[in-house]
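Have the sequence and the 3D view ready as you read.

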Amino acid sequence: MIIPLSVWAQSENLDRSVRLPTGYATEMVLVPAGSFPRGAEGEEFDEQPVRMIHLDAYLIDKYEVTVGQWNEYQEATGDRIGEWTLQNSPKRQEHPITFVTWADADNFCTWAGKRLPSEAEWERAARCDDGRKYPWGDGLDSFRSNYFRSGDPFEAGLGTILNTTPVGYYDGSLRGDYQTRDNSSPFGAYDMVGNVWEWTNDWYHPSYYTDGPDRNPTGPEISNVKAVHGGSYATDASHIRPTYRARDDPNLKGPDVGFRCAKSVVPGTAVEARSWGAVKRQPRPISAAEIEGR
């Protein structure tokens, strides 16, 4: 069997560095063109039906936008949020920015030369293409995600604003006496479940997964709420999964709502379907033998 090179080959490292207008470097990961099973059977009604959705290639932030990145933005633009002093401390520079409306998040992404991801882009970056329930596999793991009563060191005895964990905290390293496990998706995006809810670009509609297109969906034309994904430190375990579709008034400012940005790229090749777990670490070109089916 001949495997089309444009569908299965992957010869690039997925990590990218994209600088903000101020020169501050942000990390993004490549999600190559391909298809994935969007939604989940047996969960909430608006997560169904499961359909194969094709997306063109795009980049997505490796981590949620941080307090430090937000400071770069507001120093350059003067666009400050009223809750800034609650978050701006030396110890919180690597925590996700919160108390941002949808417009705040959209303005930051536009300034950064990026954009908010669509619901489909967000979900694929979190789950990859093999139907897994969580970024790391099928079982919920309290040592991989910051959610309600997960037992992380930031949970007990601290105020609400301090219940986030630094971005990338769950990377498999030992944090003091707390052993984390890696929570990155196969594409290399971290904290896609827990920590903070993340705005997407799409308006929310409960029947969109039934009625929307199967190529590069961008959400319904308009609604009164925006789709948010991922759960947060205040979300119970039953809703900590990438397919869960929450929705919020775009003017909401929540202590557990943040965002990450995406960026369109020229459509490229996709990764090998059988190597999801390793592709972000050791991508390689497909061999001639595999192309020819030997």
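One cavity of 30 Å³ or more is found in this predicted structure. A cavity is a set of points on a 1 Å grid over the protein atoms alone where a 1.4 Å probe fits but cannot get out, and its lining residues have an atom within 4 Å of a point. The largest cavity contains about 30 Å³ of space, a volume filled by probe spheres set on the points. Its lining consists of R38, E119, A120, D202, Y208, Y209, P217, T218 and G219. Two or more of these residues come from each of α5 (119-127) and α6 (208-211).

Now for the nonpolar cores. Such a core is a set of buried Ala, Val, Leu, Ile, Met, Phe, Trp, Tyr and Cys residues joined through side-chain atoms within 4.5 Å, where buried means under 20% relative accessible area with a 1.4 Å probe, protein chains only.

| Core | Size | Residues, among them |
|---|---|---|
| Largest | 24 residues | W70, I97, V100, F108, W199, F259 |
| Second, separate | 20 residues | V31, Y58, L59, A125 |

V100 touches W70, I81, W199, L252, K253, V257, G258 and F259 (heavy atoms within 4.5 Å), leaving out residues up to four places away in sequence.

Residues are numbered from 1 along each chain as its sequence is written. As the model is predicted, local features need pLDDT of at least 70 and side-chain atom pairs count only at pLDDT 80 or more, while totals for chains, interfaces and linings use all residues, and side-chain values use heavy atoms, without hydrogens and water.

Key
1 Å grid on protein atoms, 1.4 Å probe; cavity = no way out; pocket = protein on both sides within 12 Å on 5 of 7 lines; lining within 4 Å. Helix = DSSP H or I, 4+ residues; strand = E, 2+ residues; numbered from the N terminus. Buried < 20%, exposed > 50% of the residue type's maximum accessible area, 1.4 Å probe, protein only.
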